[in-house]
Amino acid sequence: MPPPSGTPWSLITVATGTLRPWLDQWTATRTEAAEAQLADLIDDVLFEYEITELHMGFYDEHDASAELLSWLLTDARDRADDARLDEPYLLEHHWATNIS
């Protein structure tokens with residue numbers, strides 16, 4: 001499930017083919033609201049220590065799971081106080097996805 005501003009974020013992501021510019025903006029935004037939304041996002045996309053499938057667009061045509069997981073485990077990791085991000089399955093999945 002995308003963050004609360006999901007519809008515009010989803011449509012822009014599908015149009016550009018990437019989440020990265022929007023994630024980079026979030027990384028640069030260090031406000032209380034941004035931190036609260038990050039915690040909400042983690043709750044939305046992590047279920048039982050696994051990342052859920054995150055698809056965006058009218059027809060779920062953009063699979064954003066790997067891109068989002070990579071961002072959570074690298075750029076946003078120092079801001080996210082959530083033990084689920086240390087789960088070995090997520091780390092293995094992240095490294096396997098980024099090697100291939």
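Predicted model: local features only at pLDDT ≥ 70, side-chain atom pairs only at ≥ 80, totals over all residues.
Which side chain meets that of Asp75 in a salt bridge?

1. The partner is Arg20, with N and O 1.9 Å apart. The two residues join distant parts of the chain: Asp75 sits in the loop between helix 4 and helix 5 (88–99), while Arg20 belongs to helix 2, 55 residues away. Asp75 is partly exposed, at 26% relative accessibility.

2. Arg20 has another partner, Asp24, at 2.9 Å between the closest N and O atoms. Both lie in helix 2 (residues 20–28), 4 residues apart, or about one turn of the helix.

3. Arg79 is buried, with a relative accessible area of 12%, whereas Glu35 is partly exposed at 27%.

4. Next, the helices. The axes of helix 3 (residues 32–45) and helix 4 (residues 65–73) come within 12 Å and cross at roughly 130 degrees, which makes helix 3 oblique to helix 4. Their crossing is left-handed.

5. At this contact, Leu38, Leu41, Ile42 and Val45 of helix 3 meet Leu68, Trp71 and Leu72 of helix 4. The contact residues comprise 7 nonpolar, no polar and no charged.

6. Helix 4 is largely enclosed by the rest of the structure, because 7 of its 9 residues are buried. Among them are Ser65, Leu69 and Trp71.

Technical notes. Residues numbered from 1 in each chain as written. Heavy atoms only, no water. Axes fitted to C-alpha atoms, helices over the stretch in contact; angles between N-to-C directions. Parallel < 35°, antiparallel > 145°, perpendicular 65-115°, else oblique. Left-handed = near helix turned anticlockwise from the far one by under 90°. Contact = heavy atoms within 4.5 Å. Nonpolar A, V, L, I, M, F, W, Y, C, P; charged D, E, K, R; others polar. Buried < 20%, exposed > 50% of the residue type's maximum accessible area, 1.4 Å probe, protein only. Salt bridge = Lys/Arg side-chain N within 4 Å of Asp/Glu carboxyl O.
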